[in-house]
Protein chains: 2
Amino acid sequence: MRHKGFVRTIKVENPSLTDNTADAQRLEKSLQQELNTKHIRIPLQVLKKLPSNLRSWDFKARAVLFKDRYSWILLDLLGPLSDRPVLGVAIDIGTTRIVMSLVNIETGQELGEKGFDNPQAVIGPDVLARIHYSKENSGLKELNHLVIEAVNLNISALCKENGYQKQDIYLVTGAGNTAMTHLFLGIESFEIIKEPYIPCVNIPDTQAAGDLKLEVNKNGVVFLFPNIGSYFGGDLISGVLYSDLDREEDPCLMVDVGTNAEIVVGNKDWLVACAGAAGPALEGGVSKMGMTAKPGVIDQVWIDPDSHALNVHTIEGKKPVGICGSGMIDLAASLFLSGRIDIRGKFSKKVCGDQLFEKDGIRYFILVDKHDSATGEPICLSQVDLNSLTSSKAAMYTILEVIVKNTAGLEFEDLKTFYVAGTFGSFINPVSAISIGMLPDIPVETFKVLGNSSLGGAKVLLKDPDAFERIMKIRQSITYIELNVNQEFMNMFSGAKFYPHTDSSRFPSLKDRI
Amino acid sequence: MRHKGFVRTIKVENPSLTDNTADAQRLEKSLQQELNTKHIRIPLQVLKKLPSNLRSWDFKARAVLFKDRYSWILLDLLGPLSDRPVLGVAIDIGTTRIVMSLVNIETGQELGEKGFDNPQAVIGPDVLARIHYSKENSGLKELNHLVIEAVNLNISALCKENGYQKQDIYLVTGAGNTAMTHLFLGIESFEIIKEPYIPCVNIPDTQAAGDLKLEVNKNGVVFLFPNIGSYFGGDLISGVLYSDLDREEDPCLMVDVGTNAEIVVGNKDWLVACAGAAGPALEGGVSKMGMTAKPGVIDQVWIDPDSHALNVHTIEGKKPVGICGSGMIDLAASLFLSGRIDIRGKFSKKVCGDQLFEKDGIRYFILVDKHDSATGEPICLSQVDLNSLTSSKAAMYTILEVIVKNTAGLEFEDLKTFYVAGTFGSFINPVSAISIGMLPDIPVETFKVLGNSSLGGAKVLLKDPDAFERIMKIRQSITYIELNVNQEFMNMFSGAKFYPHTDSSRFPSLKDRI
């Protein structure tokens, strides 16, 4: 049997001459018993027709509930036999892309999903540009309006396409980074990007959907995941919730490979986190490598065991048009394992032969010949691109090392599970990532792909009331580590810029494969 | 120094690189310390400009607060130097008359008061008629609209006349009987008047003023006093709060003489209450006696010590037009003390002489000759009127006896203070009321006039945050006694219908005056 969610069937005690307690207070009593709490708020909207409703329903009802930090809230009371579904929408409020899922919160069934580009991109591609814009006259209102309008449109579409009514949506849960969460709420966000980097709010409490102009049931509410600071947002708290890190006995790790690599390590007793926005060495990040996945994009590269040539796979098997991030990691691994790049990450003229050419003093490796490419141009990897990838993989490894070893005092081998979250993370081949020294050399089965963990966590909350307290506890218990880019860090980083590392004994599995 | 109210001047800790807690959470921390609580809700409206506000105010602010059952609510944050007043409106939501008071909740100053007839009277004069009407199509909406519109009009007028802005009103506290409270909230009330007499709600929680369509500050809230049941409303809880009964060491009594006589006896440890709506014998009630006070109405009657004639005093000294309730009690006392009526409350032909005439078998006592009256008609008291007064005074005494003696197990002499609340109660001369056996024969200085205690309690709440918990505690701790009109009660009632009582030893102070 499913655990109990936000919709409960209840029985209210019948009134009598010996118990003339008001309807609302008898209802409160039933809910207190059902929910094992003292604190329930019954809004005016629900009170209005309570007496006639309860009597026509023989004092039985379906209660639609949610929580805020201090109490449960009775959002609506439906007839015990009503077949109206009770719906929720989970939203991953990404800077670039927004993904929404429509869920029946009573059955837990996921009814449909929709992704679309964050319309705030017309203002600016990144957080920085948007926040700067929000300082202008009606900038904040405009940015807020853009995202809310798009969400409303997509709620309508999700409902229409799946045969539901938006009036049946009572809960909206949203997870995003701190800036996106602020813009979604329409609250001032400019202090986020200036020293000392202070958000307006860490814990946005449950809000009336109407106050955010979200077009759902008029009693509906919105909950946005709390953040720990400007650089550790609700999307990551949502990810931790989704991964169950906070319930594990043994230490696990979750890395969300987005613009920055954000990492959380811990178990049910402790959680340590850091975000990799730590100075110029780490800028860019792995997610900016390569192009966006679409038909014709090379997403896998491997060494032909016989010819030692590099084979490629493209999305939908189309003629190649370019290479995406996961393809680049495969490529770098193949280049290194086949000796085409050396341990410093430099192309070897000797091994590459005529696959290498030089232009304006920069070397290019031809992965796909111009005759085989869809564009008529060869698909190449330059030494500059490779250097950038080298920096990124070194940064990732260094941050992992800092947090797991230096901070948590563990060895990589102590990790029971290594979760890779984020769309980009879903496609990385861990064997390749290990081969280039980006991920630690632990058993491949340790790695688990989480997918969109920000959306995942938001969906968990729609289905599980206990998640609310877990979220607050996760937020409270995470120790956030500012990455200190000091000499020690730079030394570690320098070692990690080698392939796989200056200390190759850390990557024993590579021995037989080079 | 005044105790601390709902407006507090606070300092929020400045942010720093070593403490990057969000503005809202640092604000929360300041408020938690200031209010000695963990539970504070900060609405979206206050969050919106929080960062720029706090910075422009050097992290100082005036916080406007209120409470609900589970937390404090930050209604607004004003600049530390802002000279905007923070106002509240207390309302006595009477069935017949509504009285409102405009209060500066920061200084406690009362700025103006306004009374007006409850506009729901066009629908029906009493609770019963209105509730019946509320069952019709849009009846409830109409009744609700009538009262809210009138309150809005009078809020505007109160502000205008006293030089204030309604946008500065943050709190509205209202106390009324259970039915009036329901109609004010616009919630179904018809179960109140039918067995088993169940209100929709006992404890209406703090509501957004906008949800009730009250035109005050957009962040404003409304609190309506809770009730104990259909027959014991928020007006009485408000009265207990106002009288401080719940803080007394020694037992005190409060009687609110309205349509029914509602009585509360107790002290800080216990409270017992009953409402005198107990069958036909008690119907009508003292407040229905006589006419409404206006110029020319006889409000005092006394025996001329020399001539033993009855002297009258009229309001504003105008020629008499009729007699009001307090005048009738004086009159009855004078008639009894001068022997014009006997101990059964019947006119004595012998003593009254030609002041008595008979018409259609009913005796009339001429109080004012037609030549002295403003109407050209004599002003009379009929035996029928007198019988009705006799029933009422007997009912009052019997109820007092039941609750003080039979229920609380006290003697009248144990009462430290006997509060008389309600407009009507303000004018009763306790000596006269004792003389006819309506009030017990205890020292006159024991009686204290409370005035409009329903309005008084609502004003207390505007000024004193602790009142919120007191209200909940009063509601919780009152034992409500259903008056059981059994044989014993009827026997007591029969005795009390004599003047002053069959057991005249209960009224020793009368001995020398008859």
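Predicted model: local features only at pLDDT ≥ 70, side-chain atom pairs only at ≥ 80, totals over all residues.
Between chain A and chain B the count is four salt bridges, and over all chains the structure holds 62. The side chains of B:E28 and A:R69 also meet in a salt bridge, at 2.4 Å from N to O. This pair crosses between chains, from helix 1 (residues 23-35) of chain B to the loop between strand 3 (60-67) and strand 4 (72-78) of chain A.

Residues are numbered from 1 along each chain as its sequence is written, and chains are lettered from A in the order in which they are written. Local features need pLDDT of at least 70, side-chain atom pairs count only at pLDDT 80 or more, totals for chains, interfaces and linings use all residues, and side-chain values use heavy atoms, with hydrogens and water left out.

In total, 47 residues of chain A are in contact (heavy atoms within 4.5 Å) with 47 residues of chain B. The size of an interface is often given as the accessible area lost when the parts come together. The area buried between chain A and chain B (accessible area, 1.4 Å probe, lost on putting the two together and summed over both) is about 3,900 Å², and carbon and sulfur atoms give 59% of this area. A:L44, A:Y70 and A:E188 supply 17% of the area that chain A buries against chain B, more than any other three residues.

On the side of chain A that touches chain B, helix 1 (23-35), strand 2 (40-41), helix 2 (44-47) and helix 3 (50-56) of chain A each supply at least two residues. Helices (H or I, at least four residues) and strands (E, at least two) are DSSP runs, numbered from the N terminus. Helix 1 of chain A gives the most to this side, with five residues.

Within chain B, three strands form an open antiparallel sheet in the order 17-18-19; two strands pair if DSSP finds at least two bridges between them. Strand 17 (356-359) and strand 19 (379-382) of chain B are the edge strands, each pairing on one side only. Four bridges join strand 17 to strand 18 (residues 362-368) of chain B, and the bridge partner of B:F357 in strand 18 is B:Y364.
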